[in-house]
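My entries follow in the order I made them.

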Amino acid sequence: MDRTTFLQRYWKYYCKLEQDCIDLSQYIEFRPVNLQTCSNVIIGQLLNVGAEFDHFCKIVCHLFSKNRPTITDYANYLLSEIPCLQNIQIHIQGSHLDLFPFKDWNIEHAGHLFWWYAYNNVKHDREHFYESGNLENLLNALAGLYFLEMYYAKEIAKSTGCQYALDVPISASSLFRIANWVTNFIVIGYNCYVDYEPGMDGLF
């Protein structure tokens with residue numbers, strides 16, 4: 001996939017999902033005390049994010065042509081390609097919350113990734129798992145999708161063979177920042193970039 005296709009078909013939709021979540025913060029502040037809050041709106045967003053994560057994993061893991069790939073297939077690929085994946089830390093801007101969306105994920109029990117497990121429970125049995133559609137699971141699911149999109153943007157840049165290829169999306173997240181995430185460029189405005197220099201993350 002080239003950069004233009006990624007931006008039009010995937011990053012644009014991610015931004016829509018992110019904005020939906022930001023809009024939710026007008027009613028439920030992103031604080032630890034509110035993480036277990038559940039509602040039909042949160043469930044709806046969780047279902048959308050989980051479905052997009054499932055779809056985007058097929059792209060990233062080169063499994064789109066495989067018949068019905070599973071979360072175990074995704075774990076096999078991602079955990080081998082990104083050895084530090086379980087330790088990825090994502091900060092929610094304007095809050096005191098740090099997320100670890102892939103914490104304790106392993107191949108043997110891939111389907112038990114906590115927010116993925118919640119997503120599937122709500123998807124298939126909302127009567128008994130309504131409380132799984134909570135803010136904590138939604139934020140972690142969205143953070144997981146965000147990381148995957150940022151990772152793929154770097155992979156697209158690498159595939160060009162150009163040292164100075166843009167390795168970030170066309171716009172910055174208004175919600176998340178990945179700890180210790182180094183790219184060749186930083187987005188400072190829509191389709192506006194500067195070269196990355198160590199220590200610059202604190203300026204934005």
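I started with the sheet. It is an open sheet of three strands in the order E2-E1-E3, with antiparallel pairing. I took helices (H or I, at least four residues) and strands (E, at least two) as DSSP runs, numbered from the N terminus, and I counted two strands as paired if DSSP finds at least two bridges between them. The edge strands are E2 (98-99) and E3 (176-178), each of which pairs on one side only.

Before going on I noted that this is a predicted model, in which local features need pLDDT of at least 70 and side-chain atom pairs count only at pLDDT 80 or more, while totals for chains, interfaces and linings use all residues. Residues are numbered from 1 along each chain as its sequence is written, and side-chain values use heavy atoms, with hydrogens and water left out.

I then checked the E1 side. Strand E1 (residues 90-92) pairs with E2 in the antiparallel sense over two bridges, and His91 stands opposite Asp98 in E2. Helix H6 lies across E1, E2 and E3 and runs at about 55° to E3. For that angle, axes are lines fitted to C-alpha atoms, for helices over the stretch in contact (heavy atoms within 4.5 Å); angles run from 0 to 180 degrees between N-to-C directions.

Next I looked up the hairpin. Strands E4 (residues 185-189) and E5 (residues 192-195) pair in the antiparallel sense over four bridges. Gly189 stands opposite Cys192 in E5. Two residues lie between the strands of this hairpin, and Asn191 in the turn has a positive phi of about 60°.

Which residues of helix H3 are buried? In H3 (residues 71-81) I found Ile71, Asp73, Tyr74, Ala75, Leu78 and Leu79. Buried means under 20% relative accessible area, exposed over 50%, partly exposed in between (1.4 Å probe, protein chains only). These buried residues pack against helices H2 (40-60), H4 (114-124) and H6 (135-160).

My search of the whole structure gave 17 aromatic pairs. Rings of Phe, Tyr and Trp (its six-membered ring) pair if their centres lie within 6.5 Å; planes under 30 degrees apart count as stacked, over 60 as edge-to-face and the rest as tilted. Phe53 and Trp115 form an edge-to-face pair, 4.9 Å centre to centre with 85° between the planes. This pair links distant parts of the chain, with Phe53 in H2 and Trp115 in H4, 62 residues apart. Both Phe53 and Trp115 are buried.
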